[in-house]
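Please work through each task before reading its solution.

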Amino acid sequence: MLAFAIRRLIQAVGVMLVVALISFLLFRFVGDPVNQLVGVDTTPEQRAQLRQDLGLNDPVYVQFGRFVGKAARFDFGISYQIKRPVADLIASRLPATLELSLVSAVFALLVGLPMGVYTGLYPQTLLSRLFLALSLTGISLPTFLIGILLIFIFSVNLGWLPSFGRGDVVTIGGFWTTGLLTRSGLSSLILPAITLGLFQMTLIMRLVRGEMLEVLRTDYIKFARARGLSSRAINFGHALKNTLVPVITITGLQIGSIIAFSIITETVFQWPGMGLLFLQAVQNVDIPIMAAYLLLIAFLFTVINFIVDLLYVAVDPRIRIGGAGA
Amino acid sequence: MHRQTLFSRMVGGAARAAVIVGALAAATLAAQAEGKTLRFAFQGTLNALDPYSLNETFTLGMLGNVYEGLTKRDKDLKIIPGLAESWETIDPLHWRFHLRKNVTFSNGDAFNADDVLFSAERVRADGSDLKTRIPADSEWKKVDDYTVDVTLKTPNPILFAEWDTWYIMDKEWAEKEGATKPVSAKDTNPGPAAYKANGTGPFTIESHEPGVKTVFKRRDGYWGEKLIDTNLDGVVFTPIASDSTRVAALLSGDVDLIEPVPVQDVDRVNKDPNTAALTGPELRAIFLNMNQIRDELPTSNIKGKNPFKDPNVRKAFYQAIDIEAIDKRVMRGLATPIPLLIAPQLYSAPDLKRWPYDPEAAKKLLTDAGYPDGFTVGMDCPNDRYVNDEQICQAVVSMLAKIGVKVNLNAQPKAKYFAKVLAPGGYDNDFSLLGWTPSSFDSWNVFVSLATCRDATGKGGPFNLGGYCNPKVDELAKQIVVETDVDKRNQMVHDAYKILLDDTSHIPLHQQSLAWGKRKNLDIVQRSDDQVLFYWAKLN
Amino acid sequence: MTDAIRVKEEQPGVLSRILRSDLFYSFRRSPITVISAAVTLVLILAALFAPWIAPHDPFDPASLDIMNSLLPPQWTADGQAGFLLGTDDQGRDVLSTILYGMRISLAVGFASVVLAMALGVTLGLIAGYVGGITDTIIMRVADVQLTFPAILTALLIDGVARALAGPQAYEEIVVFVLVLSIGLSFWVQYARTVRGSVLVEANKEYVLAARLIGLRSSTIMFRHVLPNVVGPVLVIATINLALAIITEATLSFLGVGVPPTQPSLGTLIRIGNDYLFSGEWWVTIFPGITLAILALAVNLLGDWLRDALNPKLR
């Protein structure tokens with residue numbers, strides 16, 4: 001187990017270095033940051049000087065070495081545009097993104113799971129077909145269109161929910177901001193969380209449905225029926241329990257993907273999180289922010305994958321044997 | 001308020017009236033309790049708060065609520081005294097400024113001549129993006145606490161034209177906060193001026209989270225209460241980049257003021273009973289550049305020569321473009337065709353008119369120039385800089401197709417576009433779209449920026465993307481800047497514009513309009529320099 | 001064991017073989033599936049034959065008139081004959097842009113799925129069959145790939161391609177860039193599925209037998225092991241097709257993708273978004289509906305295929 005963990009850890013570091021190199025190389029091609037830093041009156045000489053001062057004329061490997069060395073100490077430099085340390089900026093935006101991601105994951109689970117169980121148990125009913133059709137639209141329309149349509153209906157036409165932003169936030173412990181404790185914060189969460197969670201909700205629902213359909217046909221359930229257990233006990237005590245492991249695994253893995261997809265949702269709803277920061281950085285060629293963001297996403301994914309791997313090993317004895325032997 | 005809207009849809013007439021009255025009462029009470037706070041959303045972000053970091057309209061406008069210059073501009077952009085009460089020229093090379101007394105910065109420090117001298121040094125220091133606000137070789141001397149003398153090396157009739165956005169900073173505060181140097185990009189440890197502001201203006205900045213939210217508060221003890229007209233206690237500024245979300249925020253009442261309203265949504269905003277669009281001419285001129293400095297256009301199928309070197313080809317392009325159609329359909333009437341590279345409010349002459357739209361004549365000019373079947377050329381265009389910039393370029397492409405010219409459009413975000421077409425990208429453009437506002441509101445700025453000869457590195461007219469070059473224009477520009485006789489100067493300006501028009505140096509398109517959206521209960525002054533000034537805003 | 005294989009063992013003509021198969025029986029019994037297949041087929045044909053059936057050529061700038069811009073659909077009060085679904089901001093016929101746009105969306109979708117499939121299946125076969133260090137390397141690369149969600153991969157590849165190709169050339173290769181970006185982010189799924197199947201199949205007697213009679217590894221892999229994974233791969237491919245089309249649309253929202261002069265369905269929706277509040281709903285709604293119908297039909301087909309090919313559900 002320990003050997004397995006260490007091996008995965010080394011691989012994770014390797015992955016991070018590759019990601020760092022890819023993102024770093026990319027940024028050299030995205031655009032000229034100098035143009036974003038100065039006004040229109042700046043002369044070519046002043047621009048050249050600035051480029052020299054920023055170290056943009058050094059060889060690529062020198063710049064990369066500088067980058068990795070600092071990143072290891074959580075120093076991602078100063079944002080070209082905002083002129084604040086990138087680490088601080090990301091720290092101040094992280095709560096917004098994590099809160100949105102978690103709420104939408106919970107939404108996806110709370111809605112997707114019952115719908116999946118129902119459609120799995122009663123695949124032929126009208127309601128099941130309706131659920132299936134509804135859930136399919138969730139993956140048949142692009143996220144940005146869903147978001148804009150939701151704003152159009154619920155903010156502009158009905159006036160029920162805020163059209164943008166996080167509402168009022170409360171600061172906890174001096175660094176974590178949350179919108180979960182105020183009314184405007186909560187109502188601001190609804191539309192973005194639905195927009196972001198719809199895809200995952202569909203995924204979970206279809207996954208649960210498929211697992212349920214399979215499990216209900218297994219001998220093990222047939223025996224349970226033969227033993228005369230109530231269908232309630234069979235459905236929830238045996239069938240659902242068996243489907244939960246893959247569902248939780250997939251949901252866990254999806255959290256990273258939710259965080260990445262929040263770029264789109266945050267842009268549509270002007271949600272002040274990391275995704276919005278990243279997209280603005282892309283538009284302004286704010287290299288330090290872009291580099292830090294990509295590394296952070298890679299880091300989150302690696303950590304989540306790592307945890308899921310370990311959980312797998314802990315839960316499934318077959319993998320444990322294979323993992324220890326390999 | 002949202003809930004009331006919902007109820008009013010659900011209940012009948014009498015009940016509805018009662019609910020609305022109740023709602024109004026509740027709203028009034030809430031307003032009294034909270035004070036009047038303006039909620040404002042703009043498409044871009046407000047980043048550094050150092051007033052010398054970025055020479056950009058929006059940033060300078062927002063800081064104009066907090067800081068002030070020696071001069072100010074009134075609602076019609078007329079220069080009026082600001083922190084300088086009056087000034088006089090002793091001779092063309094010597095100016096004297098009398099400073100206003102009893103002015104304090106928001107931290108309580110008194111304003112005096114030391115602050116002016118400090119600001120004059122700071123704005124010219126390394127890292128400042130506003131170095132051109134005052135001549136680099138001018139000498140500044142304190143006569144007494146409220147008198148400053150400026151000595152120039154060459155006469156300059158428009159010396160203080162841009163001083164309304166050269167904001168005076170507090171020397172004591174800057175020294176205490178370690179902000180004596182302007183914040184520039186290369187600073188690894190930006191000073192507090194990047195985060196804080198301390199000006200003499202009517203507002204202070206209470207909190208600033210770049211890209212998220214900036215909170216302005218009204219301050220006590222402002223010297224110029226007579227000049228302003230506002231009942232606001234504060235302003236909450238949020239950037240909203242997405243056009244549809246910004247409009248939705250206004251329509252749903254989540255904000256009171258947005259800028260800009262996309263031109264296609266102006267009608268919608270006006271139709272809504274609670275919102276209105278505020279439109280007016282902007283001082284920016286939009287025009288097309290044709291590269292005349294290259295010997296061969298890399299994006300063209302014509303090899304060995306450059307068609308744009310022939311004035312007839314340039315005029316053919318000009319006359320093939322139906323600017324009226326663009327302004328009617330793409331700009332929805334919110335643009336005015338212009339004959340020169342400057343907004344008519346800043347300069348116009350009755351005899352300087354646009355060449356008429358005439359595709360027949362254009363086709364003939366092209367044939368006479370030796371291109372009966374037209375040719376191919378690539379066009380560079382930004383897609384997030386000017387109002388409907390990409391759509392304008394697309395319309396130009398289809399209009400030129402009708403005279404046989406095949407244009408390959410390359411529309412990009414402004415970061416990539418400017419990196420390519422400006423000096424750092426080696427002016428890599430054959431045919432491109434650009435907008436320009438002369439920061440001094442004066443024609444001289446137009447000539448030296450856009451129309452004087454340049455070499456490949458940008459020596460000369462730095463924003464002359466097409467590399468147009470006529471020594472007569474250069475000569476006139478040199479004389480205009482030092483000419484103090486108004487009539488003579490105007491004549492020279494006229495002559496220069498006439499040459500540009502006859503040479504078809506560029507293709508002027510139009511002056512775009514400002515379009516702000518506001519809730520009906522907000523009154524605000526819209527100045528044509530596009531600065532959003534809260535001190536002329538009232539919430540009723 | 002899947003139907004595809006079972007079918008293979010019989011001898012009569014192809015058509016009757018298909019018609020008598022279990023798969024076709026299950027297809028015929030599901031009206032939704034029949035409708036989905038018909039809709040998908042019609043849309044694909046419409047896209048293929050767009051130059052012949054579209055009333056206008058939206059890619060020919062000379063045929064556009066800016067004065068025709070933003071006309072409402074023909075049946076409404078201000079509609080104009082010749083523009084059935086109205087026009088967009090450039091005066092292009094919306095129906096024609098949808099037909100041409102679907103070509104690009106489908107081309108990107110199909111090509112990226114084929115790329116992902118080819119890459120994933122090959123790597124999966126190799127990893128599973130060869131095993132050892134090769135297996136480890138391939139699956140670790142898959143892990144790195146999983147680290148990057150599709151849109152981030154696409155943003156990265158697009159950025160590099162744009163810089164390397166230069167703007168004018170970029171426009172010509174943009175479709176390939178999209179295919180590469182989307183294809184690369186989907187291959188892992190195939191590789192993992194195929195590798196899993198291979199590990200199961202490789203120890204079966206027929207493979208051992210084939211090895212004993214001296215068949216080459218590649219022959220064994222492609223002739224004997226591959227047919228056994230056709231079913232699951234086909235299911236993934238169908239669902240990925242819908243996902244790829246949606247991803248392309250999402251990328252165009254982020255500003256990565258085909259230029260507005262040659263729009264895909266996604267680009268059309270993004271452009272139309274700007275006109276949603278101003279009342280010109282047709283510019284975005286019609287491409288949006290088309291995209292939704294296309295994705296829905298393909299997804300339904302994928303659903304049916306998965307259930308039909310899943311032996312546990314029969």
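## Exercise 1: Salt bridges within chain B

B:K309 and B:D295 form a salt bridge, with the closest N and O atoms 3.8 Å apart. The model is predicted, so local features need pLDDT of at least 70 and side-chain atom pairs count only at pLDDT 80 or more, while totals for chains, interfaces and linings use all residues; side-chain values use heavy atoms, with hydrogens and water left out. Residues are numbered from 1 along each chain as its sequence is written, chains are lettered from A and ligands are numbered from 1, in the order in which they are written.

**Task.** Locate B:K309 and B:D295 in the chain, and classify the accessibility of B:K309 and of B:D295.

**Solution.** 

Step 1. A salt bridge requires a side-chain nitrogen of Lys or Arg within 4 Å of a carboxyl oxygen of Asp or Glu. The structure holds 31 of these over all chains.

Step 2. Both B:K309 and B:D295 lie in the loop between β12 (275–290) and α8 (311–320) of chain B, 14 residues apart. Helices (H or I, at least four residues) and strands (E, at least two) are DSSP runs, numbered from the N terminus.

Step 3. Buried means under 20% relative accessible area, exposed over 50%, and partly exposed in between (1.4 Å probe, protein chains only). B:K309 counts as partly exposed because its relative accessibility is 39%, and B:D295 counts as exposed because its value is 60%.

**Task.** Which residues are joined with B:K420 and B:D428 into one network?

**Solution.** 

Step 1. B:K420 forms a salt bridge with B:D428, the closest N and O atoms being 3.8 Å apart.

Step 2. B:K420 is buried, at 16% relative accessible area, whereas B:D428 is partly exposed, at 29%.

Step 3. Salt bridges with shared partners link B:R294, B:D380 and B:D430 with B:K420 and B:D428 in one network.

## Exercise 2: The interface of chains B and C

**Task.** How many residues of chain B are in contact with chain C, and which salt-bridge partners meet across this interface?

**Solution.** 

Step 1. Contact means heavy atoms within 4.5 Å. On this basis, 28 residues of chain B are in contact with 22 residues of chain C.

Step 2. The two chains bury about 2300 Å² between them, 53% of it on carbon and sulfur atoms; buried area is the accessible area (1.4 Å probe) that two parts lose on being put together, summed over both. B:Q264, B:R329 and B:Q394 supply 24% of the area that chain B buries against chain C, more than any other three residues.

Step 3. One salt bridge is counted between chain B and chain C. The side chains of B:R332 and C:E280 meet in a salt bridge at 2.9 Å, N to O. This pair runs from the loop between α9 and β13 (335–337) of chain B to the loop between α12 (265–273) and α13 (282–309) of chain C.

Step 4. B:R332 is partly exposed, at 27% relative accessibility, whereas C:E280 is buried, at 10%.

## Exercise 3: The nonpolar cores

**Task.** Which residues touch the most other members of the largest nonpolar core?

**Solution.** 

Step 1. A nonpolar core is a set of buried Ala, Val, Leu, Ile, Met, Phe, Trp, Tyr and Cys residues joined through side-chain atoms within 4.5 Å.

Step 2. The largest core has 150 residues, and A:F278, A:Y293, C:M102 and C:L152 touch the most other members. Helix α11 (residues 217–253) of chain C gives the most to this core, with 15 residues.

Step 3. Not counting residues up to four places away in sequence, C:L152 touches A:I263, A:F278, A:Y293, A:L294 and A:I297.
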